[in-house]
Amino acid sequence: MSVLLSVLQSVFQDAATLTAATGLAFTSAVVTVAASSVLSRNPQRRRDARATLTILMRRNGRK
């Protein structure tokens, strides 16, 4: 039983680390796209960044 608990603890810790890393990567992607949609000098790049931001921020399967 002790071995099972140590394995489960390790799995949950790895899952938590992976979840945190994924959240950080997604947040940095959204911040980068949002910054480029505001700061870009080229209007086409701003439109593309806004479209990408719209896709990234979609929730509940809405299209």
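A polar contact is a pair of N or O atoms within 3.5 Å; within protein, one must be able to donate a hydrogen and the other to accept it, and residues adjacent in sequence count only if both atoms are side-chain atoms. This is a predicted model: local features need pLDDT of at least 70, side-chain atom pairs count only at pLDDT 80 or more, and totals for chains, interfaces and linings use all residues. Residues are numbered from 1 along each chain as its sequence is written, and side-chain values use heavy atoms, with hydrogens and water left out.

Q: Which residue caps the N-terminal end of α2?
A: Helices are DSSP runs of H or I with at least four residues, numbered from the N terminus. Helix α2 covers residues 43-56. A side-chain oxygen of the cap lies 3.0 Å from the backbone nitrogen of Q44, and the cap is N42.

Q: How far does helix α2 reach from its first C-alpha to its last?
A: The expected span is 1.5 Å times one less than the number of residues. Helix α2 has 14 residues, and 20 Å is expected. The model comes close to that, at 20 Å.

Q: Which backbone oxygen does the side chain of S37 reach?
A: S37 belongs to helix α1. It has 4% relative accessibility, so it counts as buried. At 2.8 Å, its side chain meets the backbone oxygen of A34.

Q: Is V11 buried or partly exposed?
A: V11 lies in helix α1, residues 2-39. It also belongs to a nonpolar surface patch, along with residues including M1, L4 and F12. Its relative accessibility is 46%, so V11 counts as partly exposed.

Q: Why is the protein chain called more spread out than a compact globule?
A: The secondary structure comes to two helices and zero strands. The globule rule is 2.2 Å times the number of residues to the power 0.38, and the radius of gyration is taken over C-alpha atoms. For 63 residues the rule gives 11 Å, so the chain counts as more spread out, its radius of gyration being 19 Å.

Q: What share of the 63 residues is buried?
A: The C-alpha atoms fill a box of roughly 60 × 25 × 10 Å along the principal axes. Buried residues make up 8%.

Definitions and conventions:
Buried < 20%, exposed > 50% of the residue type's maximum accessible area, 1.4 Å probe, protein only. Patch = residues over 30% accessible without salt bridge, like charges linked within 9 Å, V, L, I, M, F, W, Y side chains within 5 Å. Areas by Shrake-Rupley, 256 points an atom, 1.4 Å probe, with all protein chains shown as cover. Salt bridge = Lys/Arg side-chain N within 4 Å of Asp/Glu carboxyl O.
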